[in-house]
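Please examine the sequence and the model shown below. The paragraphs that follow lead through the structure step by step.

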Amino acid sequence: MWERLRRRRPEARRAPEVVVVTRTGCHLCEEMLAMVGAELGPEARPGTLDLDAALAAGQITAEQHKRWTTLVPVLLVDGREVAHYRVQPGQVAALRDRSAGGPESRRSRRFGG
């Protein structure tokens, strides 16, 4: 019931968590961070997760590290793996809108859940 009410009142929605999985020295990671940051605007900066440091800190599993090691940068929206390598202008806004359970989110992988 509450979810239906939130969908009717867009101002009541919480902002989705946007995280870019990166690796030190990755030029594509810098490009994706710049693109995602520009799309989110100054109020909402994307979180970052350094792939190798996250493995060492136990924030990700060895399986996730193995999967993402050739896919970085990886864009996660609310823990869902939604893009690799590059994002196009407007893609982040569309992904954020769909993160509330739309059909696109059902096809993506869930991180940490």
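**A guided reading of the model**

Asp78 is buried, with a relative accessible area of 12%; buried means under 20% relative accessible area, exposed over 50%, and partly exposed in between (1.4 Å probe, protein chains only). Asp78 lies in the loop between β3 and β4 (80–84), and it has a positive phi of about 55 degrees although it is not a glycine. Tyr85, in the loop between β4 and α5, also has a positive phi, near 65 degrees. Tyr85 is partly exposed, at a relative accessible area of 36%. Most residues other than glycine have a negative phi, and most peptide bonds are trans. The bond from Val72 to Pro73 is cis, with omega near 0 degrees, and Pro73 is placed in the loop between α4 and β3.

This is a predicted model, in which local features need pLDDT of at least 70 and side-chain atom pairs count only at pLDDT 80 or more, while totals for chains, interfaces and linings use all residues. Residues are numbered from 1 along each chain as its sequence is written, and side-chain values use heavy atoms, with hydrogens and water left out.

The chain contains 6 helices and 5 strands; helices (H or I, at least four residues) and strands (E, at least two) are DSSP runs, numbered from the N terminus. Along the sequence they follow the pattern α-β-α-β-α-α-β-β-α-α-β. Of the 113 residues in the chain, 35% are buried.

Which residues have the most contacts inside the largest nonpolar core? They are Val21, Leu49, Leu51, Ile60, Trp68, Val74 and Leu76, in a core of 14 residues. A nonpolar core is a set of buried Ala, Val, Leu, Ile, Met, Phe, Trp, Tyr and Cys residues joined through side-chain atoms within 4.5 Å. At least two residues of this core come from each of β1 (18–22), α2 (27–40), α3 (51–56) and β3 (74–77). A second, separate core has 11 residues, including Leu75, Val87, Val92 and Leu95.

Contact means heavy atoms within 4.5 Å. Not counting residues up to four places away in sequence, Val21 touches Cys29, Leu49, Leu51, Trp68, Val72, Pro73, Val74 and Leu76. Thr22 lies in strand β1 and counts as buried at 9% relative accessibility. Leaving aside neighbours within four places in sequence, the contacts of Thr22 include Cys29, Leu33 and Val72. His65, in helix α4 (residues 62–68), is buried with a relative accessible area of 16%. Beyond its neighbours within four places in sequence, His65 is in contact with Arg23, Leu51, Asp52, Leu55 and Ile60.

Cys29 also takes part in a disulfide with Cys26 (S to S 2.4 Å). A disulfide is a covalent bond between the sulfur atoms of two cysteines; here it is identified as a pair of cysteine sulfur atoms within 2.5 Å. The count comes to 1 disulfide by this rule. Cys26 and Cys29 are both buried. The torsion about their S-S bond is about 85 degrees, so the disulfide is right-handed.

Finally, α2 packs against helix α5 (residues 91–98) at an angle of about 65 degrees, with the axes 8 Å apart. Axes are lines fitted to C-alpha atoms, for helices over the stretch in contact, and angles run from 0 to 180 degrees between N-to-C directions. Val36, Glu39 and Leu40 of α2 make the contact with Gln91, Val92, Ala93 and Arg96 of α5.
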